Amino acid sequence: MSPRRGIPVMVLRGGTSKGAYFLADDLPADPGERDALLLSVMGSPDPRQIDGIGGGHPLTSKVAVIRRSGEASSDVDYLFLQVQVDAAVVSAEQPCGNILAGVGPFAIERGLVAAQDPVTPVRIRMVNTGALAIAHVPTPQGRVNYAGRTALAGVPGTAARQVIDFQETAGSVAAALLPTGNATDEVCGLPVTLIDNGMPVAIVEAARLDVSGHESPAELESQTVLRQRVEALRLEAGRRMGLGDVAATTVPKVCLVATPAAGGSLATRMFIPHRVHTAIGVLAAVTVATAAALPGSVAARICQPVTAAAVPPDVIRLEHPTGWFDTVVSPGGAAVVSTARLLLDGVVFAREEAQ
Ligand code: NQM
């Protein structure tokens, strides 16, 4: 019997998601073999992922594959893989800005990037879309620091503040920021904004789908007719955005927007696409915030000036089911604040077949 071989892995919380982080060199080079291994490691397909390290929800069934970058403009390449929970599917079609928050720390911990004092800028090429992110990782005395006072809505406690700047996000998966050329289109008889500034999103007013947009994810997920209407809208949005038949993919997302309830710019409920996000994806938030600043879009018509205290004037504050998320959008890109935490550094084992 050959000796059992574990695969080196780190598990980090990145923003409001959690993922398994691997060095590309520790995984099979062939994408088919790699994906089969990852399905086994995460425990898919199975709603509970009981035989793997996935958490039984899309937000905890995520993988980051990192390698040193071959380009002068970036330090590391980050390939994001969404491991579907209840299907044997690993998809590279979407990026993930939450898991991104763990990439800089992982790259430093694994020696791909030399740490500086007190902050290390890590230039990350997001392989899924080609966009560039610069993560400013707190590294006092040359060591990654996870502890800090920054709270992220949807994450218990506080952690070290990590500013992430995004560049070249427009038209990340679709062909352009506004793939149809319009700020608003009619999709399935409803006004919808089809936009991609890091994540393809179809934005629709919640009231048009007969909900308030302030429901909990569980309340929205329990409404079968609503879910069918959202999926029909998504399939048509995908076609109109030039993404073809999106039935089996995780993009575009569908964002229900409504007037804010807590002093923010607008309320959001994000279908990702079959579960409802417990918070909001980072690049999805950048995209919705961009729409909020775009005259004529569905989001801009609903967006309100922020009234919450101590919020800088250039911030778009998106309310979500567990709080809020702030984005600053500028013509050249966007900036967000996130946090990450190293949870585990070890080896993981794939399922072995009986001989
Ligand atoms: O939009 C979940 C997440 C995401 C995506 C999803 C994300 C982003 O929160 O940048 O982070 O939309 O499937 O992990």
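The questions and answers below concern a predicted model of one chain.

User: How many helices and strands does the secondary structure of the chain come to?
Analyst: The chain has 355 residues. Its secondary structure comes to six helices and 19 strands.

User: What is the radius of gyration of the chain, and why is the chain called as compact as a globular protein of that length?
Analyst: The globule rule gives 20 Å for 355 residues. The value for this chain is close to that, so the chain is as compact as a globular protein of that length. The C-alpha trace spans about 60 × 50 × 35 Å along its principal axes. The radius of gyration is 20 Å.

User: Among contacts between residues at least 6 apart in sequence, what share joins residues at least 24 apart?
Analyst: The share is taken over contacts in the chain between residues at least 6 apart in sequence. Those that join residues at least 24 apart make up 66%.

User: How many of the residues of H5 are buried?
Analyst: A residue counts as buried if 20 or more other C-beta atoms lie within 10 Å of its own. In H5 the buried residues include Val282, Leu283, Thr287, Val288 and Ala292. H5 is mostly covered, and the count of buried residues is eleven of eleven.

User: Which residues does Tyr78 touch, not counting those up to four places away in sequence?
Analyst: Tyr78 is one of the residues with the most contacts inside the largest nonpolar core. Leaving out residues up to four places away in sequence, Tyr78 touches Ala64, Ile66, Leu100, Val103, Ile124, Arg125, Met126 and Val127.

User: Which element gives the most to the shell around the ligand?
Analyst: Of the 16 residues around the ligand, Ser17, Gly97, Asn98, Gly281 and Leu283 come nearest. The shell divides into nine nonpolar, six polar and one charged. Leu283 is also one of the buried residues in H5. With three residues in the shell, the element that gives the most is H5.

Methods:
Residues are numbered from 1 along each chain as its sequence is written. This is a predicted model: local features need pLDDT of at least 70, side-chain atom pairs count only at pLDDT 80 or more; totals for chains, interfaces and linings use all residues. A nonpolar core is a set of buried Ala, Val, Leu, Ile, Met, Phe, Trp, Tyr and Cys residues joined through C-beta atoms within 7 Å. A residue is buried if 20 or more other C-beta atoms lie within 10 Å of its own, exposed if 12 or fewer, and partly exposed in between; C-beta atoms are placed from the backbone. Two residues are in contact if their C-beta atoms, placed from the backbone, lie within 7 Å. A residue is near a molecule or strand if its C-beta atom, placed from the backbone, lies within 6 Å of it. Helices (H or I, at least four residues) and strands (E, at least two) are DSSP runs, numbered from the N terminus. Ala, Val, Leu, Ile, Met, Phe, Trp, Tyr, Cys and Pro count as nonpolar, Asp, Glu, Lys and Arg as charged, and the others, Gly among them, as polar. The radius of gyration is taken over C-alpha atoms; the globule rule is 2.2 Å times the number of residues to the power 0.38.
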